[in-house]
Amino acid sequence: MFFERPDAGETAVLVHMDFQDEKEREDPGELLELVRSAGAVPATLLTGSRKRPDSRTFVGSGKLEELREALGVHGAELVIFNHGLSPSQQRNLERELKCRVIDRTGLILDIFAQRARTHEGKLQVELAQLEYMSTRLVRGWTHLERQKGGIGLRGPGETQLETDRRLLRGRIKAIHKRLDKVRTQRDQNRRSRARAEIPSVSLVGYTNAGKSTLFNALTASKVYAADQLFATLDPTLRRLEIEDVGPVVMADTVGFIRHLPHKLVEAFQATLQEAAEASLLVHVIDAADPDRELNVEQVETVLDEIGALEVPTLRVMNKIDLLDSAPRIERDGEGRPEAVWLSAREGKGLELLEQALSECLADDVIDFSLTLEPEQGRLRAGLHELGAVREERFDEDGQTRLQVRLPRRDFLQLMARLGERADDYLPAALSGREAWEESP
């Protein structure tokens, strides 16, 4: 955009290096998925191991020669590294190989640029790209050098590189202002939902764990879902009815990935804020992935960066159809749901997830029997309107016996609206069901 670089085709030579530091290791299989998601054609994968990256070209001279030969054999014009490259390493590699070189961050940004659909998503991607590009302007145009003086030639007295940097800083500042407006609008929407006491549930998880497929199955939506990394980029909100809770706002968010570049997390702060301020996080996990525990660790790292690690979380172990496992709910020592095993693609176990969501979100549901006189018809109508009446029986003397189950909050609001005291109707013990069965 701001400087000349070699052209790049679609055929790519991939490079993956193993280092002694386990925390810095990447997955070569994940690199292949990223490359395919970006639309490139992987020609070959070159692997190797080093104690530490070479400061000049990241790889050694022998691997550099191997790279040069692979480019000639396969007719490739693109090299993709499964690692982050410094600006100088990227420039030196392009100078040596005479082709375009892209690192892991640049590859992820390219996928994001393809996936962005909404105005907000495009702004966030452009911001991330500009932040990434700002350190790579060292090879700026030289055709202007320093603008000359003299009549008709006087300029601001800066090189083209300095001009590029000034323009780039101005664009970044403008995008930040526009994203601040988006963030303000999102905050207003969240406050409106909070005033209406509508819980929010955010789907989070490693990329390609099946979040969008689960989202579509629960909300009957048609969000784009595919077996590829970062199929979802823009967040989608839908309304969902949960028993004992009522309406819930569910959000499908962008997937996380190992070593997600920190600048990307900053650029997507407005979107990820949906997760940070949710009532409940549903952490979708690919149960069939052999690296699932490592992926869970990476997701929790990003959640910690955006301040969402303390939000109550329910795990969903997805893709059990690949394990030949049965749907089930796992509970902790106090009986609360911890994880739901299901298959979103085949629709198995979705009812168990809805049950678990109900238990997690409906913290204070009361279940009791109630006897009403004929003149208390408004209270009876109000309970029916809330969908709280489970059973109803009429006595010979005109009394109405009800079995009621609803959130305590809804019952207290109904009592306040009717000018009644809730304590006059609530029994000391709220089991209700046993008393109902034993009554004549």
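I looked up Glu-359 and found it partly exposed, at 33% relative accessible area. My bands are buried for under 20% relative accessible area, exposed for over 50%, and partly exposed in between, with a 1.4 Å probe and protein chains only. The model is predicted, so I kept to its limits: local features need pLDDT of at least 70, side-chain atom pairs count only at pLDDT 80 or more, and totals for chains, interfaces and linings use all residues. Residues are numbered from 1 along each chain as its sequence is written, and side-chain values use heavy atoms, with hydrogens and water left out.

I then looked for the partner of Glu-359. Its side chain meets that of Arg-331 in a salt bridge, 2.7 Å from N to O. The term covers a side-chain nitrogen of Lys or Arg within 4 Å of a carboxyl oxygen of Asp or Glu. Glu-359 sits in helix α11 (residues 350-361) and Arg-331 in strand β10 (residues 328-331), so the pair ties together parts 28 residues apart in sequence. Helices (H or I, at least four residues) and strands (E, at least two) are DSSP runs, numbered from the N terminus. Arg-331 is partly exposed too, at 36% relative accessibility.

I checked helix α11 itself. Its 12 residues reach 16 Å from first C-alpha to last, close to the expected 16 Å; the expected span is 1.5 Å times one less than the number of residues. Among the buried residues of α11 I noted Leu-350, Leu-353, Ala-356 and Leu-361.

I went on to the other pairs. The count comes to 17 salt bridges. One of them joins the side chains of Glu-30 and Arg-104 at 2.8 Å, N to O. Glu-30 lies in helix α1 (residues 28-38) and Arg-104 in helix α4 (residues 104-115), 74 residues apart. I found both Glu-30 and Arg-104 buried.

Glu-346 and Lys-348 also form a salt bridge, at 3.2 Å from N to O. Glu-346 is partly exposed at 43% relative accessible area, and Lys-348 is partly exposed at 43%. Elsewhere, salt bridges with shared partners join Arg-56, Glu-65, Arg-68 and Glu-96 into one network.

Last, I looked up Glu-375. It is exposed, at 65% relative accessible area, and its place is in the loop between β12 (365-372) and α12 (377-385).
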